[in-house]
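These are my notes from an afternoon with one model, written down in the order in which I looked things up.

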Amino acid sequence: MSLPADYKYSKEHEWVKDEGGNVRIGITEFAQSELGDIVFVELPEVGDEITADEPFGSVESVKTVSELYAPLSGKVVEINEELEDAPELVNESPFEKAWMIIVEPKDKSDMDSLMDADAYKQMTDQE
Amino acid sequence: MTKDQALIFELSREGRTGHSLPDMDVEAPAVEDLLPGKFKRKEPAELPQVSELQLVRHYTALSRRNHGVDSGFYPLGSCTMKYNPKVNEDAARLPGFAHLHPYQPEEQIQGALELMYSLQQSLEAVTGMDQVTLQPAAGAHGEWTGLMLIRAYHEANGDHGRTKVIVPDSAHGTNPASAVVAGFEAVTVRSTEEGLVDLEHLRELAGSDTAALMLTNPNTLGLFERQIVEMADIIHEAGGKLYYDGANSNAILGMTRPGDMGFDVVHLNLHKTFTTPHGGGGPGSGPVGVKQDLVPYLPAPVIRKAQHGYTFHYDIPETIGRVKPFYGNFGINVRAYTYIRTMGPEGLRQVSRQAVLNANYMLRRLEPHFDTPYTQHCKHEFVLSGKRQKKLGVRTLDIAKRLLDFGYHPPTIYFPVNVEECLMIEPTETESKETLDEFCDAMIQIAQEAESNPEIVQDAPHTTVVGRMDETTAARKPVLRWEKRETVST
């Protein structure tokens, strides 16, 4: 499994990509393979506040419904509307096309508590 | 086989009919004279045109594809799919019960009121609660009712800041859902490695914003929360209430009572523990019992016993209001009452002994062949993990599908969510040792197949009418109704 080296990762299997001011958030390849075929993605609305470690949405697979946990706090400035009609993108392209939300972080230093690619790989290898 | 799967619409042939009625011997009025013209169809309804025999064969074939407790073993964890004694049906069909009309005056329905009152008393004795209402129609309805009672209690005390309901990570999905529907925020308390509620974490979460803790005991892993009294103290000291989800009551009948553990509100699933039909047909019944300080808020009406007989009492100033038309699913309550009276206190105690023994017997037989995340004695159900099989490319879903080839309803899978590749098995007390052994033999054979011949498991089921369904497409692009295609010439 190749992990984008410039992304950060959370224990709950979300990735965060720093895009200068705002950050882009999605779920990892590992998360989608554990969940199986995704059939529905529920996202917050633009303007909603999300709080670190609290659920901001959910993904439903054939197998189960899982909450999406915010890797950091901030305000949602954009959501990936394409996922509403094409949830399969989460399985096909978790790191690129299936980005979920773009957030304006409250405190950018929240990023420091997230894992880098190596640390995340180590964690998932143990699971 | 293919023909067998045809829809009734596809069997239809123009002009074929299942009936032949004699000619009318009175003059037929025109439809327009009977109904305003706007209600008249513009084209004939596309009803299937089939013979009576075709119709009978079609639905008989469909009915034979059902799986129920009457046709085979159904170890669906946390659902208590036990045998429903037929004497329950006899009682429910007694004309005095079956032919009642809900608007009959009280003096004509004294027997029904007495039965309900007496059932409430039995359930109060079983749960250790002060008063029971039979109104809620099912488990989740009971949860919501119970939470609304807790909400009314806090509000009556001027305690408006209690916005949170704590639920364990192993909880039934309905618990957090009911909390949200009742206007609370659900917060999750972690489980320990041992599979029990993490008391340290519970202490951190409990506070002035805690409305309640919702708990099943034994929990969904089939484990008894031994520290329940301490947990009750933590919640009560914080000013919250304890809610008992009775889904797993089959493990504790006559052994211990939620009321003695410190719970304030309880719901029972009569369609689980008390042998009324479960799933499909139902309907369910989810009575709620409360301790004294919550009695003033119970749904109106409540049944009272007075000098002259039983009455519905409506004048309850602080009631949360009615939660069900009339008074619950009466016919179901007749069945549960019949069960309780036929079993008696010692019989109910024996139910739980046997349910727990059956589960432990299966756990020990299956232990060498599957991963067991929790090795202590279980109560009425237990969990296995398919981790070992997953490494061989066989997932828990495959194991479940393979069980269909042996004629079993698979156990609950992928729940609780805190166990990887989970299988949750609940045999119930009504199964014989031979059935338990046959099921264990099938499970052991599947575990061996995962090692020697994984394809047979991955491609299962092989003997059913249809094989692997495309569940993904069914969820992403569901086809919800039949549509007529071009007519096929015959």
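This is a predicted model: local features need pLDDT of at least 70, side-chain atom pairs count only at pLDDT 80 or more; totals for chains, interfaces and linings use all residues.

What radius of gyration would a compact globule of 127 residues have, and what does chain A have? For 127 residues the globule rule gives a value near 14 Å, and I read 13 Å for chain A, so the two agree. Taken along the principal axes, the box that holds the C-alpha atoms of chain A is roughly 35 × 35 × 20 Å.

**Chain A, overall**

I next went through the secondary structure of chain A and noted four helices and nine strands. Read from the N terminus, their order is β-β-β-α-β-β-β-β-β-α-α-β-α. Of the 127 residues in this chain, 50% count as buried. When I took the contacts in chain A between residues at least 6 apart in sequence, I found that 62% of them join residues at least 24 apart.

For the surface of chain A I noted an accessible area of about 6,400 Å², with 41% of it belonging to carbon and sulfur atoms.

**Chain A, the annotated span**

The UniProt record, an unreviewed entry, places "domain: Lipoyl-binding" at residues 22-104 of chain A.

**Chain A, backbone angles**

Which residues other than glycine did I find with a positive phi? One of them is A:H13, with a phi of about 70 degrees, and another is A:D53, with a phi near 70 degrees. I wrote both down because most residues other than glycine have a negative phi.

A:H13 sits in the loop between β1 (7-9) and β2 (14-19) of chain A, while A:D53 sits in the loop between β5 (49-50) and β6 (55-61) of that chain. Are they buried or exposed? A:H13 has a relative accessible area of 14% and is therefore buried, the cut-off being under 20%. A:D53, by contrast, has a relative accessible area of 61% and is therefore exposed, the cut-off here being over 50%.

**Chain B, cis peptide bonds**

The bond that joins B:A300 and B:P301 is cis, with omega about -5 degrees, and B:P301 lies in the loop between β7 (288-290) and β8 (302-306) of chain B. A cis peptide bond also joins B:A460 and B:P461, with omega about 0 degrees; B:P461 is in the loop between α16 (454-458) and α17 (471-476) of chain B.

**Chain B, one strand residue**

I looked up B:T311, which is part of strand β9 (residues 309-313) of chain B. Its relative accessibility is 18%, so B:T311 counts as buried. Leaving out residues up to four places away in sequence, I listed what B:T311 touches: B:E106, B:L113, B:V302, B:I303 and B:R304.

**Chain B, the annotated span**

For residues 352-452 of chain B, the UniProt annotation, again from an unreviewed entry, reads "domain: Glycine dehydrogenase C-terminal". I noted 49% helix and 10% strand for residues 352-452 of chain B, with the end C-alpha atoms lying 38 Å apart.

Notes
Residues are numbered from 1 along each chain as its sequence is written. Chains are lettered from A and ligands numbered from 1 in the order in which they are written. Side-chain values use heavy atoms; hydrogens and water are left out. UniProt positions are given in the numbering used here, feature names are shortened, and annotations may be inferred rather than shown by experiment. Helices (H or I, at least four residues) and strands (E, at least two) are DSSP runs, numbered from the N terminus. The radius of gyration is taken over C-alpha atoms; the globule rule is 2.2 Å times the number of residues to the power 0.38. Buried means under 20% relative accessible area, exposed over 50%, partly exposed in between (1.4 Å probe, protein chains only). Contact means heavy atoms within 4.5 Å. Accessible areas come from the Shrake-Rupley method with a 1.4 Å probe; for residues, only the protein chains shown count as cover.
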